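Hi there,

Here is the structure I promised to pass on to you. Have a look at it first, and then read on for what turned up in it.

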Amino acid sequence: MASPAAPRPSLIRPRASRNHSQLGAFSLASDNSASTASSLRRRDFVFVVNPSGANGRTGKQWTQLLPHLRTRLADNCNICERVTSGPSHAIDVTREAIKDGADAVIAVGGDGTLHEVVNGFFWKGSPVRPLDRGPDHLTALGLIPLGTGSDFARTFGWSNDPRQAIDRIVKGVKSKLDIGMMEGPNGDPHFFVNVADIHLSAKAGYFASMYKRFGNLCYVIGALRGFWGHNNRDMKIKVNGGEWRTVDKVTALCVGNAKYFGGGMKITPTADPFSGDLEVVILQNFKWYSFLLKLHRLYGGTHLVVKEVSSMRVQSIEVAEVVPNGDIFVQSDGEHFGFLPTKFSVLPGAVDFFC
């Protein structure tokens, strides 16, 4: 007679000694005795940490932050650490945590870590659900910006002080956060929480990733390198499932769920991640020198008055080349996604978010 199958191991470990808590392993922040145990179930919070972020500063700052985190949360929560080991690992960690019934998954790091964690909330276009908590259980999303900071956090006017981020999590105030979805030529869905963009800005982001050692200056270096050999291109767009129309000499097209990208550039200044729609900003016929002359407007969010810039609110937009060449870059939340054609849409109120 065959032996019964072993149960699937849980991402969220049962209570462990504080002496075994260390960076890179799951840990429980507190050993409460039976006399202090609450009749209410302790919440399971999983913190997803990218230790190599910001040239290794994220891991060091996280180690320094842990004692304060335990002081604030350990009485009511099981604090589980997961340290990522490479690209896309945070996606897998988040999916497993949600399946195991985590009450919250907190991204610790910059926009890249947050981007992966958000994608971990979905699988093949549908929300990931816990296996044994029932259909009404929802895992919340949180953010502790570390390292060089977070463009997403700027939308809310938050500082990069991680202790303030912990205060928000402790207070437990949540709102329904919109999530952007994009689909490339193969139709596979991908998700973004901040800004997705096309052509020059996406190409600049691709190059900027090679100069991270220069901090936020990497975005300016990436833009200048992106302009080398750049040609504005004619594109066609379809808004909210309507008719295709042509947009001439596009320099960049940005789809914002939130306001900032590129290290503080307020590219989609009226975007609101709780509004149920996306802001699309199109830059047309920019030359390299006009880009430099208008750079202060792009960072200040005052560029919508420039005649070469247009803006619209959409629930969905499809973007394609008029003459297909397959070489126009697309990125989401600063991560290279692929090339046109791409469809962008919004999932209103898709995730509970600590704010």
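**A serine in a loop**

Let's start with S52, which lies in the loop between β1 and α1 (57-73). Is S52 buried or exposed? With a relative accessibility of 54%, S52 counts as exposed, because the cut-off for that label is over 50%. Along the chain S52 and S85 are 33 residues apart, and their C-alpha atoms are separated by 8.6 Å. Please keep in mind throughout that this is a predicted model.

**The overall picture**

Stepping back, the secondary structure of the protein comes to nine helices and 17 strands. The protein has 355 residues, and 53% of them count as buried. If you take the contacts between residues at least 6 apart in sequence, 73% of them join residues at least 24 apart.

**Two nonpolar cores**

How many residues does the largest nonpolar core have? It has 29, and the ones with the most contacts inside it are V105, L114, V117, F121, L141, F152 and I179. Several elements each supply at least two residues of this core: the helices are α2 (89-99), α3 (111-120) and α4 (151-155), and the strands are β1 (43-49), β3 (104-109), β6 (140-145), β7 (174-183) and β17 (342-354). Helix α2 gives the most to this core, with four residues.

Leaving out residues up to four places away in sequence, L114 touches A107, L141, L143, F152 and V193. There is also a second, separate core of 22 residues, and V250, I282, M312 and I328 are among them.

**How α2 packs on α3**

The axes of α2 and α3 are 7 Å apart, and the two helices pack at an angle of about 40°. The pair is therefore oblique, and α2 passes α3 in a right-handed crossing. On the α2 side the contact is made by H89, A90, I91, T94, R95 and I98, while α3 brings E116, V117, N119 and G120. Sorted by class, the residues of this contact are four nonpolar, four polar and two charged.

**Helix α6 and its surroundings**

Now find helix α6 (residues 200-208) and helix α7 (residues 217-227), whose axes come within 7 Å and cross at roughly 120°. That angle makes α6 oblique to α7. Here too the crossing is right-handed, with α6 passing α7. From α6, the residues L200, K203, A204, F207 and A208 meet C218, Y219, G222, A223, R225, G226 and F227 of α7. This contact of α6 with α7 has eight nonpolar, two polar and two charged residues.

Why is α6 described as largely enclosed by the rest of the structure? Because eight of its nine residues are buried. Those buried residues are L200, S201, A202, K203, A204, G205, F207 and A208. What covers them includes β9 (195-199), α7, β11 (244-256) and β15 (329-332).

**A serine in a strand**

S316 is found in strand β14 (residues 316-321). At 14% relative accessibility S316 counts as buried, because the cut-off for buried is under 20%. Setting aside its neighbours within four places in sequence, S316 is in contact with K238, V239, N240, G241, K343, F344 and S345.

**Some backbone details**

Which residues does a cis peptide bond join? They are L340 and P341, with omega at about 5°. You will find P341 in the loop between β16 (335-339) and β17.

Two lysines are worth a look as well. K124 has a positive phi of about 55°, although it is not a glycine. This lysine, K124, lies in the loop between β4 (122-123) and β5 (126-127), and at 67% relative accessibility K124 counts as exposed. K249 has a positive phi of about 50°, and it is not a glycine either. K249 lies in strand β11, and its relative accessibility of 45% makes K249 count as partly exposed.

Enjoy exploring, and write back with any questions.

Best wishes

Terms used:
Residues are numbered from 1 along each chain as its sequence is written. This is a predicted model: local features need pLDDT of at least 70, side-chain atom pairs count only at pLDDT 80 or more; totals for chains, interfaces and linings use all residues. Side-chain values use heavy atoms; hydrogens and water are left out. Axes are lines fitted to C-alpha atoms, for helices over the stretch in contact, and angles run from 0 to 180 degrees between N-to-C directions. Angles under 35 degrees count as roughly parallel, over 145 as roughly antiparallel, 65 to 115 as roughly perpendicular and the rest as oblique. A crossing is left-handed if the near helix is turned anticlockwise from the far one by less than a right angle, and right-handed if clockwise. Contact means heavy atoms within 4.5 Å. Ala, Val, Leu, Ile, Met, Phe, Trp, Tyr, Cys and Pro count as nonpolar, Asp, Glu, Lys and Arg as charged, and the others, Gly among them, as polar. A nonpolar core is a set of buried Ala, Val, Leu, Ile, Met, Phe, Trp, Tyr and Cys residues joined through side-chain atoms within 4.5 Å. Buried means under 20% relative accessible area, exposed over 50%, partly exposed in between (1.4 Å probe, protein chains only).
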